[in-house]
Each structure stands twice: as structure tokens, then as C-alpha cells.
Amino acid sequence: MKVESLIFDMDGTLWDSAANVARSWSEVLGRQDDIDMEITEADIKGVMGMPMDAIAEKLFGYLSKARQEEVMDACGSYENDYLRKHGGELYPQVEETLAALSKSHRLFIVSNCQSGYIEAFLEYYGFAKYFVDILCWGDTKKSKGESIRILMEKNGVEDAAYVGDIQGDCDSARYAGIKFIHAAYGFGKVDDKDAEIKSFDELLKVVE
């Protein structure tokens, strides 16, 4: 598959941060008088890939919209700080593969996360040098497909593939009019794909 640029999802594609996200959220929720729950790793994996407002509704739907937003802001802010210090579980061969890909492709990240999450990932691993630009739901408050389009227009990207692990990633790539590579080692299955990788380093063969 010949493409000029590669745009990456985060969770289930580059890393698995669910365990540390759950730990950080549980610390925040433990300080809330109106919330009596502990967030588990399974809870986080069950909502990864969803926009932050949808996550708030699913996990804290019994709270008012204003309170949901307040809680999510607190969780997201602390989560960013926590991941900046502790990181997550990086998938095998990610750095070596990114280093090789960055020599022949422009690399980007688009995620449904809060602002600061991608930056925490890049800072912890020192990966900013591999990526041209990043964009997230927290920056645009738009769907992932729309965010992909915004990033592409900003950077003059015309020929790209999105690398992600769930059906929503595939749908977003199709919305943006680009190819989709399924990270089959991640969190989900997809109905449609242009290529599939069972480990991150297989990208090198797919796009060579």
C-alpha cells in the first residue's frame, strides 16, 4: 500500500494505557462526595475510542450534564499528569517502527481523547520527533472523522491511511476518504479494511 502519510489512533494502536488511566480516575473519584465507584481497567477498555462526552454519559449518566463535564475535566487533567509520569503499556516495536516510518512518511495522530493526552504520551516516550502534527476531540469537539479531515486540510495531506483498532476508527477513515489499516492486536474487530497488521512492526511491510 503506497501512501504519503500515516495517521494513527492512540489506544489499542500505539499503546494500552487502560490500567494507569483507571488508577488515575479512581484517585479523582475517591475525592468526590457524590460519586461512590471505583473505575476498573475493564471499565476504561469498554469506553476507549469514544468521544469524551459519550464516555461521561456512559459512566456518569446519573449525574447532571454540568456535573458530568466537571468530573470528566478533573479526571482528564489528573490523567494527563499521571500518564506524563507513569506512561502506559507501549506495544512491541513501536519506537523502532515509528523511527523507520518517519524517514519515508509524514506521521500524525488523531484521537478522541481530551487535550493534553497525546502530549503526555509523546512527552513520556520522547516521540514528538516522529510526528508532524496531532489533533484530538478536546481540540475540535468534533467527530474523529471530522478531526482527521481538519488535520489533513491543515497539513496539505491528500494521500493517507488511518491506523486504528476498532470499527469507529474504520468509519472515521472512510468519512475522511482515506484508507484504513486495522491494528488487529488492539481492542476490536472491524467489518472493512484495506490492510491488517497483527503486530505494529508489520506496518513496515504493508506500506513499503
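1. The largest pocket has a volume of about 360 Å³. A pocket here is an open set of points on a 1 Å grid over the protein atoms alone, where a 1.4 Å probe fits, with protein on both sides within 12 Å along at least five of seven lines. The volume is the space filled by probe spheres set on the points.

2. This is a predicted model, in which local features need pLDDT of at least 70 and side-chain atom pairs pLDDT 80 or more, while totals for chains, interfaces and linings use all residues. Residues are numbered from 1 along each chain, and side-chain values use heavy atoms, without hydrogens or water.

3. The lining (residues with an atom within 4 Å of a point) comprises 16 residues, with Met-52, Glu-69, Met-72, Asp-73 and Trp-137 nearest the pocket centre. H4 (65–86) contributes the most, 8 residues; H3 (52–60) and H7 (137–140) each supply at least two. Helices are DSSP runs (H or I, at least four residues).

4. H3 and H4 pack at about 110°, with axes 10 Å apart. They are therefore roughly perpendicular (65 to 115 degrees). Contact (heavy atoms within 4.5 Å) involves Met-52, Ile-55, Ala-56, Glu-57 and Phe-60 of H3, and Lys-65, Gln-68, Val-71 and Met-72 of H4.

5. Asn-155 belongs to H8 (residues 144–155). Because its relative accessibility is 17%, Asn-155 counts as buried (under 20% relative accessible area, 1.4 Å probe, protein chains only). Beyond neighbours within four places in sequence, Asn-155 touches Arg-106, Phe-108, Val-132 and Asp-133.

Terms used. Axes fitted to C-alpha atoms, helices over the stretch in contact; angles between N-to-C directions. Parallel < 35°, antiparallel > 145°, perpendicular 65-115°, else oblique. Buried < 20%, exposed > 50% of the residue type's maximum accessible area, 1.4 Å probe, protein only.
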